Amino acid sequence: MAELLDDATVAAALDGLPGWERDGNTLVRTAKLPSFPTAITVVDRVAEIAEQADHHPDIDIRWRTLTFRLSTHSAGGLTEKDLALAARISEQLAEAGG
């Protein structure tokens, strides 16, 4: 099982993850993309990344606005898996203009 991160580690990591916020035991980021098809392309790419990592975000799609929520449910909070996936999601959003 993945090891839970302490509050200081999460806070420090968030400094390097612009747009991400902590909400209890979850990391959250909302981004507005240029169009609905662009948003769906990002979701598709994130789905591939998540499958490879065997770590899946909760994704809310509202037209061209995406909200990602990350938590390692099996560990009961935030782990390195969440930070790594947040960084990968940020890369996809940046490439898509979000």
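**Salt bridges, strands and a buried arginine**

Reader: How many residues apart are glutamate 91 and arginine 88 in helix H3?

Author: Glutamate 91 and arginine 88 are 3 residues apart in helix H3, so about one helical turn separates them. This is a predicted model, and in it the side chains of the two residues meet in a salt bridge of 3.7 Å, N to O. Glutamate 91 is partly exposed, with a relative accessible area of 41%, and arginine 88 also counts as partly exposed, at 36%.

Reader: OK, and how many salt bridges does a search of the whole structure find?

Author: The search finds 3 salt bridges. One of them joins the side chains of aspartate 7 and arginine 22 at 2.9 Å, N to O. Because aspartate 7 lies in helix H1 and arginine 22 in strand S1, this pair ties together parts that are 15 residues apart in sequence. Aspartate 7 counts as exposed, at 54% relative accessibility, whereas arginine 22 is partly exposed, with a relative accessible area of 32%.

Reader: Which residue does aspartate 60 meet in a salt bridge?

Author: The side chain of aspartate 60 meets that of arginine 62, at 3.0 Å, N to O. Aspartate 60 is partly exposed at 24% relative accessibility, while arginine 62 is exposed, with a relative accessible area of 55%. Aspartate 60 also stands opposite threonine 67 in S4.

Reader: Switching to the strands, how do S3 and S4 pair?

Author: Strand S3, residues 58–62, and strand S4, residues 65–70, pair in the antiparallel sense over 5 bridges. Their hairpin has 2 residues between the strands, and tryptophan 63 there takes a positive phi near 55°. S4 pairs with S2 as well, in the antiparallel sense and over 6 bridges, and in that pairing threonine 30 stands opposite threonine 67.

Reader: What about S1, then, and over how many bridges do S1 and S2 pair?

Author: Strand S1, residues 21–23, pairs with S2 in the antiparallel sense over 3 bridges, and aspartate 23 has threonine 26 in S2 as its bridge partner. The hairpin of S1 and S2 has 2 residues between the strands, with glycine 24 taking a positive phi near 65°. S2 is largely enclosed by the rest of the structure, because 5 of its 7 residues are buried.

Reader: Arginine 29 is in S2 too, so is it buried or exposed?

Author: Arginine 29, whose place is in strand S2 (residues 26–32), is buried yet has no salt bridge. The nearest side chain of opposite charge is that of glutamate 21, 9.5 Å away, and a salt bridge would need a nitrogen within 4 Å of a carboxyl oxygen.

Reader: Which side chain does arginine 29 join in a polar contact?

Author: A polar contact of 3.0 Å joins the side chain of arginine 29 to that of serine 90. Leaving aside neighbours within four places in sequence, the residues in contact with arginine 29 include Trp20, Leu66, Phe68, Ser90 and Leu93.

Key: Residues numbered from 1 in each chain as written. Predicted model: local features only at pLDDT ≥ 70, side-chain atom pairs only at ≥ 80, totals over all residues. Heavy atoms only, no water. Pairing = 2+ DSSP bridges. Helix = DSSP H or I, 4+ residues; strand = E, 2+ residues; numbered from the N terminus. Buried < 20%, exposed > 50% of the residue type's maximum accessible area, 1.4 Å probe, protein only. Lys, Arg positive; Asp, Glu negative; His and termini not counted. Polar contact = N/O pair within 3.5 Å; in protein donor to acceptor, adjacent residues only side chain to side chain. Contact = heavy atoms within 4.5 Å.
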